[in-house]
Amino acid sequence: MTIEKLELKKPSALNGMEVNQLVADCAPLDTNSVYCNLLQCDHFSDTSVAAELDDALVGFISGYLLPAKTDTLFVWQVAVHESARGKGLAKKMLRDILSRPSCAGVRYLETTITRSNEGSWALFRSLAKQLNSPLNESVQFDKETHFKGKHDTEYLVRIGPF
């Protein structure tokens, strides 16, 4: 797979089922309902991206502008198919979203990551470095308090201002 042949585009509801399957193939990502993925692709298309290669979905990022902080893009989920990993696709997709007119006022990016998700930590640290912006972290959802011990703690990662 060559990243040069990728097409990055705004997703549509037509991508919902494909997104659901891609996320299911990208352990340890939490799967959502197909309906949730349809809404992500439809309602948040301006702040999400689908990466296609030869008409196959190989990457997807869902994100949205925080209602109370419209200068902040929250990245909900990053999914890259195994065949497309290690080629910089996730960062390319993030940069694509940040370059859109809908994100012209964005100065911060937030996401949550579990400690064990080394790939996501590397991605967002690399993005912060590329944006020449600080990366701060704090507990967002605690394993015991919020997940009753059934899910690892999710750390809020905040990059910016950029």
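Lys148 counts as exposed, since its relative accessibility is 61%; buried denotes a relative accessible area under 20%, exposed one over 50%, and partly exposed the range in between, with a 1.4 Å probe and protein chains only. The model is predicted, so local features need pLDDT of at least 70 and side-chain atom pairs count only at pLDDT 80 or more, whereas totals for chains, interfaces and linings use all residues. Residues are numbered from 1 along each chain as its sequence is written, and side-chain values use heavy atoms, with hydrogens and water left out.

Lys148 is placed in the loop between β6 and β7, helices (H or I, at least four residues) and strands (E, at least two) being DSSP runs numbered from the N terminus. Its phi is positive, about 50°, although Lys148 is not a glycine. Asn132, also not a glycine, has a positive phi of about 55°. This residue belongs to the loop between α4 and β6 (135-141) and is exposed, with 71% relative accessibility. A further backbone feature is the cis peptide bond from Gly160 to Pro161, whose omega is near 5°; Pro161 falls in the segment after β7. Most residues other than glycine have a negative phi, and most peptide bonds are trans.

The largest nonpolar core comprises 30 residues, and Leu109 and Phe124 have the most contacts inside it. Such a core is a set of buried Ala, Val, Leu, Ile, Met, Phe, Trp, Tyr and Cys residues joined through side-chain atoms within 4.5 Å. At least two of its residues come from each of β2 (49-53), β3 (56-66), β4 (69-80), α3 (89-98), β5 (108-114), α4 (118-130) and β7 (154-159). The most is given by α3, with six residues. Apart from this core lies another, of nine residues, including Val19, Val23, Cys26 and Leu57.

Beyond its neighbours within four places in sequence, Leu109 is in contact (heavy atoms within 4.5 Å) with Leu73, Val75, Leu94, Leu98, Phe124, Leu127, Val157, Arg158, Ile159 and Phe162. In α3, the buried residues are Leu89, Ala90, Met93, Leu94, Ile97 and Leu98. These buried residues of α3 pack against β1 (7-9), β2, β3, β4, β5 and α4.

Helix α2 (residues 34-43) contains Gln40 as well as Asn37. Gln40 counts as buried because its relative accessibility is 1%, and Asn37 is likewise buried, at 1% relative accessibility. The two side chains are joined by a polar contact of 2.7 Å. For such a contact, a pair of N or O atoms lies within 3.5 Å; within protein, one must be able to donate a hydrogen and the other to accept it, and residues adjacent in sequence count only if both atoms are side-chain atoms. With neighbours within four places in sequence set aside, Gln40 is in contact with Asn32, Ser45, Ser48, Phe60, Ser62 and Trp76. Under that same exclusion, Asn37 is in contact with Gly16, Val19, Asn20 and Asn32.

The structure holds zero disulfides, a disulfide being a pair of cysteine sulfur atoms within 2.5 Å. Cys41 is buried, at a relative accessible area of 1%. The closest cysteine sulfur to that of Cys41 is in Cys36, and the separation of 9.5 Å is too far for a bond. Cys26 is buried as well, at 3%. Its sulfur is 14 Å from the closest cysteine sulfur, that of Cys41, which is again too far for a bond.
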